[in-house]
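Thank you for asking me to look through this entry with you. Please keep the sequence and the structure side by side as you read.

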Amino acid sequence: MSLRYVPPKPNQILTKKEPENLILGLKVVKVIPEPFPWRVRELPFLALAADVSITLCESRRGSGPGQTNMARSAIFCLLFLATNASLALLYPFSLSRFLLAASIYSVGTLVMLYLLFHPRNQWLVTNRSRVEGAGCVALTFDDGPNPVDTPKLLDLLREKGVKATFFVVGKRADQYPEIVRRAWDEGHLIANHTWSHCHLFCFLTPARLRAEIERGAESVRRICGFRSRFFRSPVGQRHPLLRRYLEDAGLEYVSWSIRSRDTLTRNSGVLARRILRQAASGDIIVLHDHLPRGAHVMLEALPGVIDELRARGFRFVLAGPREDAGVPTLEPAACESAR
Ligand SMILES: [Zn+2]
């Protein structure tokens, strides 16, 4: 019998009767008694565990890095299971058992939070958080395009002669493709910030995670004519399967070294001082050109920040090489004009 992994469809019920689930069942049906009333999309962790488990089998026959990647995903799943299993120590209840369970649960949770949310952590996803070159800094703008603030930002960057990197949200880019195209035509770098900017990114099912990455990439390709090579997740969240899926999609994760917290700051002077206080050679600075209450605070702060950083001798660069932004997918003439 040959082993072949067929990913379950979003609403597919896992049973032993369907041919593809006989294969999936080698890993899944043992923990899912038949008849199984729930659907795959309602059980993200089981679907995740199944995907990790099957991929580990595949990677044993494959290359070394893939094996390491999936081993890390599997270790993360085990950490999740062990952390939650520690709650079983509470029964029968005693003070010593409570203290032991609380200690295990707290440590496990803190480690998981660190792995999922620390922007420069390399364990779950290899990422770049700095740019190379003495005196270089990179401005990056997330969550756009915004029909009001992004054109204002592009005007400002053109006036100052600064090139920046835009991590666009796919569905918003599809709404305002002319803004994204303008940014690309004016020499900025366009990168993938997922399709819908789901705030629970680290809990996505494998199928939804892949769709968020692929649909975001497809949106950039449709608008600019190339497949983006760079990716950043919502709020920098990691996911146990993100490294593998980014490799499959040919994407590199770009993190940051300065979080401006422009999403929370309502005073442009405070925002400017916060950035200028931290700025050093190689920094990647994260800002937002789309915010629910508008990006006017960032737009007020930015001219002063650019002038001051220039006065200190810094140069503004893209977060990644624009020449390598992706494989052109338009006709040659159209690619020329897109660049
Ligand atoms: Zn974002």
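Predicted model: local features only at pLDDT ≥ 70, side-chain atom pairs only at ≥ 80, totals over all residues.

The points below go from the whole chain to single strands, helices and residues.

1. The mean pLDDT of the protein is 82, and 75% of its residues reach 70 or more. Two stretches call for caution: over residues 10–43 the pLDDT stays under 50, and the model has 39 contacts beyond four places in sequence for them. Residues 329–339 likewise have a pLDDT below 50, and beyond near neighbours in sequence this stretch has 14 contacts in the model.

2. As for the overall make-up, the secondary structure comes to 12 helices and nine strands. Of the 339 residues in the protein, 37% are buried.

3. How many bridges join β2 and strand β3? The strands β2 and β3 (residues 165–168) pair in the parallel sense over three bridges, and aspartate 142 has phenylalanine 167 of β3 as its bridge partner. To get from β2 to β3 the chain passes through helix α5 (residues 149–160), and this β-α-β crossover is right-handed.

4. Strand β3 is in turn joined to β4 by four bridges, and these two strands also run parallel. Threonine 165 stands opposite leucine 189 in β4. In strand β4 (residues 189–192), Leu189 and Ala191 point one way while Ile190 and Asn192 point the other way, yet all of them are buried.

5. Which residues of helix α7 are buried? In this helix, made of residues 177–185, they are Ile179, Val180, Ala183 and Trp184. These residues cover an arc of only 135 degrees around the axis, and so they lie on the same side of α7. The background is that an α-helix has 3.6 residues a turn, so residues three or four places apart point the same way. After α7 comes glycine 187, whose phi is positive, near 100 degrees.

6. Is histidine 239 buried or exposed? This residue is found in the loop between β5 (230–231) and α9 (242–249), and histidine 239 counts as buried because it has 24 other C-beta atoms within 10 Å, where the cut-off is 20 or more. Leaving aside neighbours within four places in sequence, histidine 239 is in contact with Phe201, Cys202, Leu204 and Leu209. The C-alpha atoms of histidine 239 and leucine 115 are separated by 8.9 Å, although the two residues are 124 residues apart along the chain.

7. Isoleucine 75, found in helix α3 (residues 64–85), is partly exposed, with 15 other C-beta atoms within 10 Å. Its C-alpha atom is separated by 9.3 Å from that of proline 240, which is 165 residues apart from isoleucine 75 along the chain. Tyrosine 105, found in helix α4 (residues 95–117), has 18 C-beta neighbours inside 10 Å and so counts as partly exposed. Beyond its neighbours within four places in sequence, tyrosine 105 is in contact with Thr83, Ser86 and Leu87; for leucine 87, the distance to tyrosine 105 is 7.4 Å, C-alpha to C-alpha, and the two are 18 residues apart in sequence.

Definitions and conventions:
Residues numbered from 1 in each chain as written. Buried ≥ 20, exposed ≤ 12 C-beta atoms within 10 Å, placed from the backbone. Arc of directions from axis to C-beta. Pairing = 2+ DSSP bridges. Right-handed = clockwise from strand over helix to strand, strands pointing away. pLDDT = per-residue confidence, 0-100. Contact = placed C-beta atoms within 7 Å.
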